[in-house]
Amino acid sequence: MKSIVLKIMTVGCIIWGSISGAVFGQETYLLKDLSVPQIIQDNPALTHPYLGHCALPGFGKINVGGTSFVNYGQIWHINNTLDKYMTSQHNGVGAWFSMDIIDFGFRVKDANYFTVFSNLKAGGSLNVNKDLTNFLLKGNANYEGKTMKFVGDDLLNFNLYAEFGVGYQREINENISFGINGKYIAGLYNLHTTQASVDFYTADNFEKLTVGVAAEAKMAGAVDLLPLFNYLLDTHTNKTMPSLSDMGISTDILKNISHGFGIDLGFRYKVCNWFEFDIAATDIGYIHWKGNAYQANIPQKEFDFTGVGHDDIFEPHPNGMYDTLSFDNFFSALYDSVRNLATLDTFPIESYNRWLNTRINLSTYFYATERDRFNLTFNGVFMGGKTFVPSGSISYSRQCGRWFEFVIGNTFKTSGWLNPGLGFNLRSDYFLFYCVVDYINNPVYYDKMRNVNVVLGINFLAGRRDKAKVKTPSFMF
């Protein structure tokens, strides 16, 4: 099957752009400071004071967020302040969404807690190198005789899947607890680049520009979207869209679902009355993508571009007094100069494996009083089993009576050190509502926003444990 680079790039932009405000790899930082049942999914060793819980279907935990090295205002009003947000390797834009479908748990003999849960998760990221943002911002005037590397292998990544899991937590005593979650994963869609490079060489004396391109991408899904994308990109807008079956798209989703597994591991230890720490590794596993799997290859190619001339941009005015700018002529000339580069091969493959975005979390807690606690957290994520992206947070939480608690803090990310957040937990013995703005780099001006993450949920409870009988240091009453 033959296609062109423009198609693949457009497909990637359609997929990523359509979910960029809502999807990437799930993460929470301040949520662990609140006594809510869903902290078990961040670290299965963390304890809470409830005898049992049942989340409102679809609303047990909703997580929406995004992160970017550039904000909206910098895109529309480009200035030199953009430089300080660019790194040499990881200029990323991403978003994520997750939703609990089912989530309930119950306590057995006080020290054991069992959970059953299912989630729908989606996430996407687009990463470019500093050379590309430098080129867009400043051009190539300072790169005579040099090569600019625009993208790397982690150019594009998108996942959509559902997970179904069971969890077990055990409190050895008031000082030690551990837990594990086991998950079956139903893969719905994946698109990622395994190799990608765009090199831009400026010859001496600026006589010509040489562009080298190479890429390899893989995609798979429960629904074969490639015929649909080809139709959307190739057909004229005034044509009537045929049915999915006429385009050769199978709607038998269950037949083409991919399968995977994952586990979460956690451990908590109270060192003394005022110090405690926990460690967790979540989403250890992979998905075996097999439904409607394709691979797209662009062999290493180079072409020279000498620019467009006056006649390619302007056309004579009817009265002959001056020339008129013609965008159609310009883009046609530009396309003609690069279309020979754009050919690639897209062919079906049997299957491929893709690692989940595994997270490593380490938290330390300092108890100022029984109701006041400080938390220092280090987080890191392995993106596709390759790139490790570190982050962390510092927070303070306070228990205000039996019915209310709150947390305030700041999250440190590679895309920005200042990302304040706050949240609260409002509860009774039988009902709980929580909401956390986990972090947001600018809560006042939306055009300066680069990082935001929001978590909220509703739970029904089966009563709370008696503090006089059980003393568990990792939560407060």
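Helices and strands here are DSSP runs, numbered from the N terminus. In this predicted model, Val70 sits in the loop between strand S3 (62–68) and helix H2 (72–76). The protein chain holds seven helices and 23 strands. Buried residues account for 51% of its 477 residues.

**Confidence**

- The mean pLDDT of the protein chain is 80, and 73% of the residues score at least 70.
- Among the elements, helix H1 (residues 5–19) has the lowest mean pLDDT, at 33. Strand S2 (residues 52–55) has the highest, at 96.
- Residues 1–25 have pLDDT below 50. Beyond near neighbours in sequence, this stretch still shows 77 contacts in the model.
- Residues 470–474 also stay under 50 in pLDDT. The model gives them 18 contacts beyond four places in sequence.

- Of the contacts with a separation of 6 or more, 70% are between residues 24 or more positions apart.
- The accessible surface of the protein chain comes to about 22,500 Å². Carbon and sulfur atoms hold 64% of that surface.

**Val70**

- Is Val70 buried or exposed? Its relative accessible area is 14%, under the 20% cut-off, so Val70 is buried.
- Val70 and Asn451 are 381 residues apart in sequence. In space, their C-alpha atoms are 9.5 Å apart.

**Helix H3**

- Helix H3 (residues 130–138) has these buried residues: Asp131, Leu132, Thr133, Asn134 and Leu137.
- What do the buried residues of H3 pack against? Their partners are strand S4 (91–108), strand S5 (112–128) and strand S6 (147–149).
- An α-helix has 3.6 residues a turn, so residues three or four places apart point the same way.

**Salt bridges**

- Side chains of opposite charge can pair when their charged atoms come close.
- The count of salt bridges is 16.
- Arg107 pairs with Glu171, with the closest N and O atoms 3.6 Å apart.
- Lys183 and Asp264 form a salt bridge at 3.1 Å, N to O. Lys183 belongs to strand S8 (residues 176–202) and Asp264 to strand S10 (residues 258–272), so this pair links parts that are 81 residues apart in sequence. Lys183 and Asp264 are buried.
- Which residues are linked in a network of salt bridges with Lys183 and Asp264? Lys121, Glu163 and Asp283 are linked with them.
- Asp429 and Arg402 meet in a salt bridge at 3.0 Å, N to O. Asp429 is in the loop between strand S21 (420–427) and strand S22 (431–440), and Arg402 is in the loop between strand S19 (387–400) and strand S20 (404–413), so the pair ties together parts 27 residues apart in sequence.
- Arg402 has 38% relative accessibility, so it counts as partly exposed.

**Nonpolar surface patch**

- A nonpolar patch lies on the surface, with about 810 Å² of accessible area together.
- The patch is formed by Ile172, Phe178, Phe267, Tyr269, Val271, Ile279, Leu362, Phe378, Phe382 and Phe388.
- S10 and strand S18 (372–383) each supply at least two residues of the patch. The largest share, three residues, comes from S10.
- Phe382 lies in strand S18. Its relative accessibility is 31%, between the 20% and 50% cut-offs, so Phe382 counts as partly exposed.

- S21 and S22 run antiparallel, joined by six bridges. Leu426 has Phe433 in S22 as its bridge partner.
- How many residues does the hairpin between S21 and S22 pass through? The hairpin joins the two strands through three residues.
- S22 and strand S23 (residues 451–461) also run antiparallel, joined by nine bridges. Tyr434 has Gly457 in S23 as its bridge partner.

Notes:
Residues numbered from 1 in each chain as written. Heavy atoms only, no water. Helix = DSSP H or I, 4+ residues; strand = E, 2+ residues; numbered from the N terminus. Buried < 20%, exposed > 50% of the residue type's maximum accessible area, 1.4 Å probe, protein only. pLDDT = per-residue confidence, 0-100. Contact = heavy atoms within 4.5 Å. Areas by Shrake-Rupley, 256 points an atom, 1.4 Å probe, with all protein chains shown as cover. Salt bridge = Lys/Arg side-chain N within 4 Å of Asp/Glu carboxyl O. Patch = residues over 30% accessible without salt bridge, like charges linked within 9 Å, V, L, I, M, F, W, Y side chains within 5 Å. Pairing = 2+ DSSP bridges.
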